[in-house]
Amino acid sequence: MANVYPVFRRCLLHHRTQAYLGAVGHGYCREFKHDSTHQTEGNGQKRRYLMYTAVITTTTLASICINHYVEGRKKCLQIESPVETEHAGQYKKSLPVYTLEDVAEHATKNDRIWVTYGQGVYDITDFVEEHPGGDKILMAAGGSLEPFWLLYAVHKNPHVFALLEQFRIGNLKEDESSDILSNMEDPYELEPRRHPALKPASVKPFNAEPPLQLLVDSFITPSDLFYVRNHLPVPEVDPETYSLEITGVGVKTIFLSLHDIKTKFPKYTVTAAVQCAGNRRSEMSEVKPVKGLSWGPAAIGNATWSGARLYDVLKAAGLEEDHPGVEHVQFEGLDTDAANLPYGASIPIEKAMNRKAEVILAYEINGEPLPRDHGYPIRVIAPGIVGARSVKWLGRIVVTGGNSSNSHPSNSNAM
Ligand code: HEM
Ligand SMILES: Nc1nc2c(c(=O)[nH]1)N[C@H]1C(S)=C(S)[C@@H](COP(=O)(O)O)O[C@H]1N2
Ligand SMILES: [Mo]
């Protein structure tokens, strides 16, 4: 294990480097809250990229993994111990047995970071930095991966299981592994039904696009064929108790019910296309691997959206056009991640307070109430901006000044 692990590690670094290279070459764009963050992140990436390049060029093993990362990764996994994917988390006779208490003592870098999956105990200390999902992985430190992987179901994949088994150090005491999940519900249990023509790029969370032929059949995309891009489970929102909070710099905090939004403001209808930044990513990946879901060409749709204008709602909360220091309007969804942080994105104040920009808080698509997948009961529609900013299941609007914290953890929609 010890002598093969470095091989894998190189590959992983290389895979990320490839991803960054691909990203740089193809206008990599995370859907950040504002452009300033984008900038910082870009530099960070370059730094990391340079670092990885340096690491890689100084290793003799690097040449093993010179091709596409997928191929590279496969190759590396083959070079080392044949990984029995189907045995991920199964009892392994040759390894020592630990208790949950033992595992819990390994929750920091200093003590090493251990996690469990099924009956497997893993030391993932050296993987943490390489994790494609960032430091979220630390939430599982000293405990079980299962509850988190219920939410982040991308992990339930052979290549992730194979990766995990690389870090195997022991077994969990038999009676302790069985009840970890016993009273946990699948967070995706209450997902809406979907049109069978939607082809999923991932099921949990649900991400899917229609066949191109159906998309081009109509100028206005029928809502049940409109691509769906969800980062998390679809929240269940009761229209009776729904309440939208508007708060922040230059406004007095107000709460609006669904009824308020529908009746206190003029209803506007705009026809606008919404496109995911990842649309057609699969074509880019053919040139060079890029990070993120593999979208075809149909992660785009065109619809009529009706609702209250953001301008009117911000005005109602007391915001003046030229309020000093106000720079962005942040939107938070009601969908929350494992750390209870909502999906979020923001737009510049110039866009938000521009009557003609027609940013609306929509409650209808094509004349019908929004389906759950598209943000029921209220979503933002920000015409002309990348889809990620059109926040669904809108729960809170925050007007912010210059130094707001911004890169949202659950908003990692890399292009
Ligand atoms: C040893 C344990 C883990 C391994 C081996 C692992 C591995 C991975 C891999 C390979 C991916 C990329 C998936 C793909 O593109 O196919 C990924 C993504 C991700 N992981 Fe993990 N993971 C681990 C633990 C966790 C935990 C505990 C969490 C959360 C609490 C987490 C959250 C995420 C998220 C949010 C992403 C998606 C990132 C994105 O879309 O940019 N992971 N992980
Ligand atoms: N609350 C919330 N809003 C969200 C998302 C999300 O996951 N949660 N995804 C965003 C992204 S990346 C895109 S491209 C669009 C997709 O909208 P649709 O699913 O209605 O097509 O919603 C955006 N708004
Ligand atoms: Mo997106």
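In this predicted model, A104 counts as partly exposed, because 13 C-beta neighbours lie inside 10 Å of this residue, whereas a buried residue would need 20 or more and an exposed one 12 or fewer. A104 belongs to helix α4, which covers residues 100-104. Leaving aside residues up to four places away in sequence, A104 is in contact with G142 and G143.

The surroundings of the two ligands were examined next. Around ligand 1 there are 21 residues, and those that come nearest are P132, G133, K136, A140 and F148. The element that gives the most to this shell is helix α6 (residues 158-165), which supplies 3 residues. By class, the shell around ligand 1 consists of 15 nonpolar residues, 5 polar residues and 1 charged residue.

Ligand 2 is surrounded by 20 residues, of which H231, C276, G333, G387 and K392 are the closest. Two or more residues of this shell come from each of the strands β8 (228-229) and β13 (328-336). The class composition of the shell around ligand 2 is 9 nonpolar, 7 polar and 4 charged residues.

Note on methods. Residues numbered from 1 in each chain as written. Chains lettered and ligands numbered in written order. Predicted model: local features only at pLDDT ≥ 70, side-chain atom pairs only at ≥ 80, totals over all residues. Near = placed C-beta within 6 Å. Helix = DSSP H or I, 4+ residues; strand = E, 2+ residues; numbered from the N terminus. Nonpolar A, V, L, I, M, F, W, Y, C, P; charged D, E, K, R; others polar. Contact = placed C-beta atoms within 7 Å.
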